[in-house]
Amino acid sequence: MHARLRFVALTALLLGGIAQAADSLTIDVHRDVNCGCCKDWIKHLESNGFSVNDHVEPNMATVKQELGVPPRLGSCHTAVIGGQFVEGHVPAEQILALQARPDLLGIAVPGMPMGSPGMEYGDRQDPYQVVGLTKGGDLEVVAEYPGN
Ligand SMILES: [Cu+2]
């Protein structure tokens, strides 16, 4: 009887943990209707286990402004996960790492560097940085990807 109760409690705990993990991988992506590289980035997220809510927007400039993305960090699409923004072609692994950085308002790969996820054109790989925006408004390089 006691063992059975304990089993039920443990199962509830496990299921709760799984539900929470799945939830933390749900991301909202805002993009223009004709943005092909945005769709390719969404595919990159999905193949890395993210569940994507795709929002087609009439005016991305307004969306970026409302989500607090500074113009100097701007790219094509803007995503939001756990209240933090993810601007541009950020690799999925950096979005996972962002969850350990609640001090950041968001992260960005400014512009559209060739070879970043969703921007693959042959073997070309431009160097790029993943930049974080602190609550104080400072920029911090959180990751660097080398070129070839
Ligand atoms: Cu793009």
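Helices (H or I, at least four residues) and strands (E, at least two) are taken here as DSSP runs, numbered from the N terminus. On that basis the protein chain of this predicted model has four helices and seven strands, and reading along the sequence gives the pattern α-β-α-β-α-β-β-α-β-β-β. Residues are numbered from 1 along each chain as its sequence is written, and side-chain values use heavy atoms, with hydrogens and water left out. Because the model is predicted, local features need pLDDT of at least 70 and side-chain atom pairs count only at pLDDT 80 or more, while totals for chains, interfaces and linings use all residues.

Of the 148 residues in the protein chain, 39% are buried, meaning under 20% relative accessible area (1.4 Å probe, protein chains only). As for contacts (heavy atoms within 4.5 Å), 49% of those between residues at least 6 apart in sequence join residues at least 24 apart. The chain exposes about 8,400 Å², with carbon and sulfur atoms supplying 57% of that area; the areas come from the Shrake-Rupley method with a 1.4 Å probe.

Now to the metal. The copper ion is held by C37 (SG), C76 (SG), H89 (NE2) and M112 (SD), at 2.1 to 2.6 Å, where donors are N, O and S atoms within 2.8 Å of the metal (3.2 Å for Na, K and Ca). Angles among the four donor atoms run from 85 to 129°, and the site comes out as irregular. The donor residues follow the spacing C-x38-C-x12-H-x22-M. C37 sits in helix 2 (residues 36–47) and H89 in the loop between strand 4 (84–88) and helix 4 (92–98), so this pair ties together parts 52 residues apart in sequence. Both C37 and H89 are buried.

Key: Four donors count as tetrahedral if all angles lie between 85 and 135 degrees; four count as square planar and six as octahedral if opposite donors are over 155 degrees apart and all others between 65 and 115; anything else is irregular. Buried means under 20% relative accessible area, exposed over 50%, partly exposed in between (1.4 Å probe, protein chains only).
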